[in-house]
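Reader: Please take a close look at a single residue of this model. Then widen the view to the chain and the contacts around it.

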Amino acid sequence: MCKCRQRTAASTLRRLVNSFLASVGRSRWPLPTLVALGFSLAVLSRYVPIFSGYTQIILITIGINIILCVSLNLVNGYMGEFSVGHAGFMSLGAYTAAVFTTKWLPDTPALFPVAVIFGGAMAAIIGFLLALLSFKTRGDYLAIITLAFLMIVKSAWENIPYVGGPAGLLGVDKYTTLPWTFFWVVVTMLVIRNLVYSKFGRAIIAIREDEIAANAMGVRIREAKILAFIVSSFFGGVAGALYAHLNFINPKYFDIVKSTEILVMVYLGGISSLGGSILGAVVFTVLFYQLESMGLGYWRMVILSSLLILLMLFRPRGIMGMKELAWFLPGRELFTRRKS
Amino acid sequence: MLDDVLYLAQQTINALQQGSIYALIALGYTMVYGVLTMINFAHGDLFMLGAFACMLLAGLLMPIMAGFPPVLVFMVILLLVMLIIGVLGASIERLAYRPLRAAPRVSAIITALGCGLLIESLTLVIFPYSKSMPTLFKNTTFELIKFANPQDPNSPITLTVTVLQLIIICVSLALMVALDFLIRKTRYGMAMRAIAFDARTVPLMGIPVDRIISMTFLIGAGLGGAAGMLYGLAYPVIAPSMGILVGWKAFIAAVVGGIGSIRGAVLGGFILGAVEVIAVVAFDSSYRDLISYSLLLVILIFKPYGLLGQAPNQKV
């Protein structure tokens with residue numbers, strides 16, 4: 001009896017949340033307004049001290065985490081694979097962009113966007129090769145291949161003296177600013193949103209639901225998978241490039257723990273949901289820094305991992321799993337959903 | 001010439017020691033994968049807990065059992081470690097994995113990842129710095145072969161084996177043989193193989209699936225705990241991060257052998273041990289991970305289901 005009452009309370013809450021989301025999301029103006037507001041605030045913060053240095057670092061980290069989270073969601077959420085190698089793509093982007101700005105063309109901040117794109121492109125090329133490998137296998141074995149990829153990349157950086165070996169690359173210029181981070185977050189969201197609601201996006205989702213059936217229905221599985229991998233790894237590389245120009249880079253940072261952190265963010269926020277990815281990245285990053293400033297450094301991972309386990313037990317698809325904030329839906333999607 | 005052969009033999013002993021520990025851990029991964037088709041990412045951390053349990057138990061039992069022969073103390077600690085880690089593994093299954101058995105498989109994998117992270121970070125909270133393992137017995141070195149070195153009379157060419165190496169190899173082999181017997185000859189093993197073969201039909205035949213799965217976790221985690229203890233004795237500085245460092249490599253061993261196959265896990269463990277020793281001898285120790293993980297990729301490209309694994313049937 002008690003259990004029954006609990007269930008109704010939970011479902012009432014869920015209905016309330018859903019109706020709130022629907023009513024806010026029905027209007028189309030808030031998203032562009034928010035983007036414009038956020039961007040002008042970010043630019044303004046360069047000249048007027050709106051945020052303290054610490055807050056700026058947290059905001060930039062949130063931005064980088066959103067990029068990582070949204071791009072991993074494309075493969076792990078929409079395509080339903082289980083990749084654990086995202087930190088590897090991040091390190092590829094980070095090292096490529098950092099080598100570009102420190103060794104090849106130093107002291108030219110104007111070329112920073114080129115370096116970021118270059119880092120993303122490097123990650124995308126390797127992502128393409130990894131996608132070719134992944135056709136051999138599916139499911140758990142993809143997790144293994146991406147794990148091996150992650151370890152190989154990390155160990156390769158440690159053995160290349162040109163990029164500093166185990167000590168990492170030092171003296172990277174701090175080009176990553178709030179406006180640039182905001183810009184790349186918006187680009188990532190835009191590209192992945194448009195991709196997910198395109199023909200290719202349908203194909204990717206069909207692969208998640210049933211690969212063999214999708215193949216029988218005429219979905220070009222290879223093309224869709226390659227595209228998803230390339231886009232996902234490109235933005236992973238972009239996030240890495242942004243990270244590299246915020247801190248110094250050390251190969252030990254890009255290990256399985258970093259990948260796990262990204263996975264926690266994705267599954268915390270919710271799979272197959274752009275809004276969920278943002279939510280996950282914000283909640284995770286804020287919790288992470290908050291716990292650290294409370295002097296609970298060692299307890300941080302204890303709390304975050306128990307959170308992940310509890311979430312999987314009671315809400316396996318994450319906070320916003322399979323649900324999308326209506327702002328992120330294209331207009332035609334909104335129309336069909338309202339009718340049904 | 002002769003010293004080359006002896007050097008090779010010496011490295012073979014090292015490879016056997018390393019490989020038998022990997023094989024013991026890999027068995028736990030592969031057993032769980034066999035019955036649940038799930039990667040138990042928490043297994044590496046159970047291995048790490050095995051080393052810590054051994055350290056704590058040794059501190060507790062060594063003063064009490066001071067009068068007994070060291071072999072007895074070693075056996076008692078080994079059994080207790082296996083029991084504790086086994087029960088822990090089975091309780092993780094009961095609390096975290098069983099409620100998710102009907103859920104999508106990715107949720108179970110993520111829960112396992114979370115459990116591993118939780119164990120590691122909790123251990124890190126309790127033991128922030130690496131600990132040193134107490135010595136359970138006197139580690140005598142036997143010289144199997146000894147020749148006078150023609151170039152340098154003061155340093156003879158020897159082939160040595162330590163008591164510890166012998167114990168590690170013998171205990172691991174004994175555990176592997178016992179496990180193989182258990183799986184091939186007993187009713188429990190038959191039930192386990194049946195679940196791996198067809199998990200949906202087996203409960204209809206009156207087999208208590210839940211109990212068999214709990215048993216599988218108990219045994220698999222127990223073997224992992226034993227491996228942790230042996231590893232801790234061989235490399236006496238233990239830290240919470242070794243769950244990731246060694247555990248993931250043992251996972252590779254399981255995959256190389258063909259995950260789900262018991263004999264494959266043993267084979268994979270010894271192959272990995274050999275490859276690591278070769279990598280260190282031929283190149284440099286910093287290339288060890290690079291080479292062992294590249295080997296994994298190459299094997300997966302040519303044999304996608306491992307050396308002894310079988311491709312699953314795909315149904316629409």
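Author: V219(A) sits in the loop between helix 9 and helix 10 (221-244) of chain A. Helices here are DSSP runs of H or I with at least four residues, strands are runs of E with at least two, and both are numbered from the N terminus. The model is predicted: local features need pLDDT of at least 70, side-chain atom pairs count only at pLDDT 80 or more, and totals for chains, interfaces and linings use all residues. Residues are numbered from 1 along each chain as its sequence is written, while chains are lettered from A and ligands numbered from 1 in the order in which they are written.

V219(A) counts as buried because it has 20 C-beta neighbours inside 10 Å. The cut-offs: buried means 20 or more other C-beta atoms within 10 Å, exposed means 12 or fewer, partly exposed lies in between, and C-beta atoms are placed from the backbone. Leave aside the neighbours within four places in sequence. V219(A) is then in contact with A203(A), A206(A), I207(A), A214(A) and A224(A). Contact means that the C-beta atoms, placed from the backbone, lie within 7 Å. A206(A) is 13 residues from V219(A) in sequence, and their C-alpha atoms are 7.9 Å apart.

Now the whole chain. Chain A has 14 helices and 0 strands. Of its 340 residues, 48% are buried. Take the contacts in chain A between residues at least 6 apart in sequence: 81% of them join residues at least 24 apart. The radius of gyration of chain A is 20 Å, which agrees with the value near 20 Å for a compact globule of 340 residues. That radius is taken over C-alpha atoms, and the globule rule is 2.2 Å times the number of residues to the power 0.38. Along the principal axes, the C-alpha atoms of chain A fill a box of roughly 65 × 50 × 40 Å.

Next, the partner chain. The contact takes 34 residues from chain A and 37 residues from chain B. On the side of chain A that touches chain B, helix 6 (140-159), helix 9 (211-216), helix 11 (256-269) and helix 13 (297-314) each supply at least two residues. Helix 6 of chain A gives the largest share, 12 residues. By class, this side of chain A has 24 nonpolar, 6 polar and 4 charged residues. Ala, Val, Leu, Ile, Met, Phe, Trp, Tyr, Cys and Pro count as nonpolar, Asp, Glu, Lys and Arg as charged, and the others, Gly among them, as polar.

Definitions and conventions. Two residues are in contact if their C-beta atoms, placed from the backbone, lie within 7 Å.
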